[in-house]
Amino acid sequence: MGSRNDLEGRFLLPSTIWDPRLIVLQICAIQSAFWSIMGFVAFLLCSILGEPFRMDLLYNFACISFQAADFSRAALFSYLFTSALGGVVVAKVVERSRQSLDFVATAWIIHLNTCLLSYGAARYLSFVIVIVVGMVIMAGGSIVLIQ
């Protein structure tokens with residue numbers, strides 16, 4: 001076991017291997033940061049691109065589906081930028097590369113469930129592709145930053 005000085009600078013380092021309270025707090029922190037970043041980035045991009053900002057940009061699958069009439073470039077890029085910035089958040093909160101993939105998958109599964117409950121099942125393959133690319137960016141970024 002390392003000394004207290006070995007653990008300086010670590011954020012939310014667990015005292016045991018299995019700490020359910022810590023895991024729930026980490027999931028809440030990551031999810032809160034995920035949606036906050038996504039909302040801020042979507043608002044910023046809508047302002048820059050001249051698109052109207054509305055909350056369904058974050059949860060409606062049609063907004064990031066290339067074939068849909070509601071397609072929004074701001075929504076598409078906000079998903080991708082959120083993935084990159086979300087990787088930084090996961091790296092800072094989790095600090096362990098083995099667990100980062102679990103937390104990334106959990107964040108996206110919670111987001112997909114929210115989209116499903118809000119707007120129903122996705123009807124476009126491009127939505128699934130954007131989500132998978134976002135997961136890869138977020139997971140890859142967190143692993144690179146942790147190591």
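Predicted model: local features only at pLDDT ≥ 70, side-chain atom pairs only at ≥ 80, totals over all residues.
Which residues form a nonpolar patch on the surface? They are Leu125, Val128, Ile129, Val132, Val133, Val136 and Ile137. Together they have about 580 Å² of accessible area. One of them, Ile129, sits in helix H5, which covers residues 125-146. Ile129 is partly exposed, with a relative accessible area of 45%.

Now step back to the whole protein. It has five helices and zero strands. Read from the N terminus, the elements run α-α-α-α-α. The protein has 147 residues, and buried ones make up 38% of them. Its accessible surface comes to about 8,400 Å². Carbon and sulfur atoms account for 67% of that surface. Contacts also reach along the sequence. Take those in the protein with a separation of 6 or more: 73% of them join residues 24 or more positions apart.

Two helices show how such elements meet. Helix H1 spans residues 20-49, and helix H3 spans residues 73-94. Their axes come within 8 Å and cross at roughly 145°. The crossing of H1 past H3 is right-handed. On H1, the contact includes Gln26, Ile30, Ala33, Phe34, Ile37 and Met38. Further H1 residues in the contact include Val41, Ala42, Leu45, Cys46 and Leu49. On H3, the partners include Arg73, Ala74, Phe77, Ser78, Tyr79 and Phe81. Thr82, Leu85, Val89, Val90, Val93 and Val94 of H3 take part as well.

Arg73 leads on to the charged pairs. The structure holds two salt bridges. In one, Glu51 pairs with Arg73, and the closest N and O atoms are 3.9 Å apart. Glu51 lies in the loop between H1 and helix H2 (56-59), while Arg73 belongs to helix H3, so the pair ties together parts that are 22 residues apart in sequence. Arg73 is partly exposed, with a relative accessible area of 41%.

Asp56 has a relative accessible area of 16%. Buried means under 20%, so Asp56 counts as buried.

How values were computed:
Residues numbered from 1 in each chain as written. Heavy atoms only, no water. Patch = residues over 30% accessible without salt bridge, like charges linked within 9 Å, V, L, I, M, F, W, Y side chains within 5 Å. Areas by Shrake-Rupley, 256 points an atom, 1.4 Å probe, with all protein chains shown as cover. Salt bridge = Lys/Arg side-chain N within 4 Å of Asp/Glu carboxyl O. Helix = DSSP H or I, 4+ residues; strand = E, 2+ residues; numbered from the N terminus. Buried < 20%, exposed > 50% of the residue type's maximum accessible area, 1.4 Å probe, protein only. Axes fitted to C-alpha atoms, helices over the stretch in contact; angles between N-to-C directions. Left-handed = near helix turned anticlockwise from the far one by under 90°. Contact = heavy atoms within 4.5 Å.
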